[in-house]
Each structure stands twice: as C-alpha cells, then as structure tokens.
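Here are some notes to read alongside the structure. They take the ligand and then a few pairs of packed helices.

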Amino acid sequence: MMRSFFIYLSKAGWAQRTISGLGLARRAARRFFAGDTPAEAVLAVRQLNERGILATLDHLGENTSTREEATQATGDILVVLDEIERSGVQSNVSIKLSQIGLLLDPELCRANLVKILERAREQNNFVRIDMEDSSLTPVTVEMFEEMHARGLDNCGIVIQSYLYRSDNDIANLVEHGMRVRLVKGAYKEMLFAGSKAAGCPTVSADGRVPPIPAIATHDEKRIEFAERKAAEIGLPKHALEFQMLYGIRRDLQEQLVAKGYPVRVYVPYGEHWYPYYMRRLAERPANVWFIVSNLLKD
Ligand SMILES: Cc1cc2nc3c(=O)[nH]c(=O)nc-3n(C[C@H](O)[C@H](O)[C@H](O)COP(=O)(O)OP(=O)(O)OC[C@H]3O[C@@H](n4cnc5c(N)ncnc54)[C@H](O)[C@@H]3O)c2cc1C
C-alpha cells in the first residue's frame with residue numbers, strides 16, 4: 001500500500017510542486033543524487049572511480065511534455081557525454097526515451113536518440129536505455145533494436161524480469177550479443193549462457209562499455225545466486241557487471257569490487273530529482289523514517 005502511495009506521489013503534479021519545494025525533502029533526497037550540475041556529477045563519479053567503482057550518469061528527467069523540453073534534455077545529455085570525455089572519468093550514460101520526446105512524437109525521439117548515440121560513438125562511449133513504465137516496453141525495445149540495425153550498437157537496454165515478455169526479450173537480445181541490464185529477476189542463467197556463447201566480452205579497459213550481462217540489484221541473495229551461476233557456467237568475473245544505485249549499499253559495492261567484479265553505480269543528477277526520489281521511497285518506505293528522524297533532529 002505504501003508502495004502504491006509513493007508511486008502515486010511520484011506522478012502527481014500537486015505533490016511534486018509541494019514536496020520538491022521543501023528544503024528538508026531536497027536534503028533527504030540528496031543522499032540519492034549527486035547534485036544539480038554536470039560538474040557535481042563528474043565529481044561524484046571521480047570519487048567512485050577512486051574506490052574502484054565505475055559509473056553511469058543519469059541526467060534526471062522523464063516524461064517531457066513539450067518538444068522544446070525534449071530538445072533541451074537531449075542537449076543536456078550531450079553536455080554530460082562531453083563532460084565525461086573532457087574529464088576522463090570512467091563512466092557511460094543512462095537515458096530515458098520519454099525524456100527525449102517518446103511520448104510527444106516518436107520521430108522526434110528517434111532523431112534525438114540518433115544524435116546522442118552518434119556523439120557517444122565519436123567518443124567511444126556507451127549509452128544505456130533505461131526501461132520505464134510497462135506501456136513503453138514494446139516501443140523501447142523496438143527503438144533499441146532499430147538503432148542496432150542502423151549500426152548504432154553502442155547502446156544497451158534494461159529488462160525488467162517481472163514482465164511476462166522478458167523471457168522472450170532476453171532470448172532475442174542475447175542471441176544478437178546485445179548488452180542487457182537485468183533488474184529484479186530470475187533470468188540470469190539465460191543471460192550468462194548468451195554471454196558465454198558470444199565469447200564472454202568483458203568490461204572495456206576504460207570502464208565505459210559494460211559486458212553483456214549487468215545485474216542491477218542490492219539484493220544479496222540475488223547477487224550470491226548470480227555469482228554462483230556465473231562460476232558454474234565458467235563466466236570470468238570481468239564478463240559480468242554488478243550495478244547499484246548511488247547512495248544505496250556502499251558496503252556491498254566495495255565487497256564486490258574487492259572480490260574482483262566490475263561494479264557500476266548509477267549516478268543521477270540534475271534538478272528533476274522528485275520522481276526518482278519518490279520511486280526510491282516506494283521501494284523502501286523505511287527511508288521515510290530516515291526523513292522523519294532528521295526532521296525531529298532539526
Ligand atoms: C543500476 C540500476 C539501474 C536500474 N534501472 C532501472 C530501469 O531502467 N528501469 C526500472 O524499472 N528499474 C530500474 N532499476 C530499479 C530496480 O528495478 C529495482 O526497483 C531496484 O533495484 C530495487 O530492487 P532490488 O533488486 O535492489 O531489491 P530490493 O528487494 O528492493 O532491495 C534489496 C535490498 O537493497 C536495499 N535497498 C533497495 N532499495 C533501497 C532504497 N531505495 N533505499 C535503501 N536501501 C535500499 C535494502 O537493503 C534492501 O533490503 C535499476 C536499479 C539499479 C540498481
């Protein structure tokens with residue numbers, strides 16, 4: 001029930017206007033995002049890199065409602081790619097198609113996506129296309145496959161394993177050696193076997209291009225399961241990547257690095273932190289007590 005409530009709050013305009021204006025809410029949310037500007041984001045990535053952790057930068061924003069906003073969001077993503085290139089940090093980027101115009105006009109979104117992938121390709125960088133609401137899954141997968149067909153193969157996708165269609169999606173994607181970030185699920189064996197069949201590509205030396213399977217979770221049981229299965233299948237540690245969110249389970253991130261796995265942290269930044277933060281509260285309502293206890297301390 002709490003989960004649905006926070007998901008509702010993440011979408012309600014009135015709640016966004018009220019809550020995002022509260023200094024306390026911003027301070028509490030700050031644990032989960034790296035700041036407002038690309039410079040702050042790059043600084044956070046540099047600190048992660050110093051701890052042996054790779055990153056993927058997400059300029060927060062989704063469901064843009066005008067063409068101008070979609071163009072602006074595309075420009076912001078190009079800026080962060082340039083900033084990664086300039087600073088030399090070990091990071092790629094994560095984007096959402098609704099951020100660059102999917103809900104307004106698929107043609108506009110397609111053109112923006114091509115622009116982003118071309119810029120990333122010039123810089124030997126990689127773009128992960130996040131997965132959104134299940135209503136957008138079919139079009140997201142189609143657009144992703146279309147980019148590969150055009151030769152823009154420096155992108156990967158996210159599969160949410162709780163969807164019925166994910167089984168088939170993973171089978172199709174790994175057959176073509178495409179890079180998949182798996183969130184919440186039990187399809188790891190298929191992903192690992194697909195990577196083995198593709199010759200176990202490892203994370204690139206500059207840390208930008210991930211291996212085929214990326215397991216994105218903070219759930220220790222799922223991580224242990226993934227480690228066990230990878231060992232059984234004979235997948236080298238560098239042919240699999242664990243991914244976690246900024247501000248969550250730092251201890252686990254470091255343990256996995258110490259074991260020799262690539263670990264990538266998803267680092268969101270920007271002014272539009274509100275829906276992202278509400279989704280984090282929905283996952284773990286206990287975080288609300290963290291805010292309340294801070295409120296009592298103030
Ligand atoms: C790198 C990355 C990228 C992602 N990309 C997408 C995407 O594109 N599309 C999509 O739908 N979803 C995405 N997700 C979210 C994912 O689907 C889950 O909602 C999220 O990871 C929580 O699930 P979990 O597997 O960590 O397990 P859970 O069972 O939710 O959590 C396991 C443990 O992790 C810790 N934990 C988890 N969440 C929190 C939190 N908010 N605050 C504090 N501790 C917490 C707790 O210790 C908890 O017991 C992404 C997640 C990661 C890590």
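**Notes on the ligand site and helix packing**

1. The model is predicted. In it, an N or O atom in the side chain of Arg284 lies 3.3 Å from a nitrogen atom of the ligand.

2. Two further polar pairs involve oxygen atoms of the ligand. Glu283 has a side-chain N or O atom 2.9 Å from a ligand oxygen atom. For Thr217, a polar side-chain atom is 2.5 Å from an oxygen atom of the ligand.

3. How many residues surround the ligand? There are 22. The closest are Met131, Gln160, Thr217, His218 and Glu283.

4. Glu283 also belongs to a helix contact. Helix 12 covers residues 274-283 and packs with helix 1 at an angle of about 175 degrees, the axes being 8 Å apart. An angle over 145 degrees counts as roughly antiparallel, so helix 1 and helix 12 are roughly antiparallel to each other.

5. On the helix 1 side of this contact are Arg3, Phe6, Ile7, Leu9 and Ser10. They meet Tyr274, Pro275, Met278, Arg279, Leu281, Ala282 and Glu283 in helix 12. By class, the residues of the contact of helix 1 with helix 12 are 8 nonpolar, 1 polar and 3 charged.

6. Helix 1 (residues 2-11) has another partner, helix 2 (residues 13-20). Here the angle is about 85 degrees and the axes are 5 Å apart. Angles from 65 to 115 degrees count as roughly perpendicular, which means that helix 1 is roughly perpendicular to helix 2.

7. Which residues make the contact between helix 1 and helix 2? Helix 1 supplies Tyr8, Leu9 and Lys11, while helix 2 supplies Gly13, Trp14, Ala15 and Ile19. The contact of helix 1 with helix 2 has 5 nonpolar residues, 1 polar and 1 charged.

8. The last pair is helix 4 (residues 38-50) and helix 5 (residues 67-87), with an angle of about 45 degrees and axes 10 Å apart. Helix 4 and helix 5 are therefore oblique to each other. The crossing of helix 4 past helix 5 is right-handed.

9. Pro38, Val42 and Arg46 of helix 4 make this contact with Val79, Glu83 and Ser87 of helix 5. Sorted by class, the contact of helix 4 with helix 5 contains 3 nonpolar, 1 polar and 2 charged residues.

Key
Residues numbered from 1 in each chain as written. Predicted model: local features only at pLDDT ≥ 70, side-chain atom pairs only at ≥ 80, totals over all residues. Heavy atoms only, no water. Axes fitted to C-alpha atoms, helices over the stretch in contact; angles between N-to-C directions. Helix = DSSP H or I, 4+ residues; strand = E, 2+ residues; numbered from the N terminus. Parallel < 35°, antiparallel > 145°, perpendicular 65-115°, else oblique. Left-handed = near helix turned anticlockwise from the far one by under 90°. Contact = heavy atoms within 4.5 Å. Nonpolar A, V, L, I, M, F, W, Y, C, P; charged D, E, K, R; others polar. Near = heavy atom within 4 Å. Polar contact = N/O pair within 3.5 Å; in protein donor to acceptor, adjacent residues only side chain to side chain.
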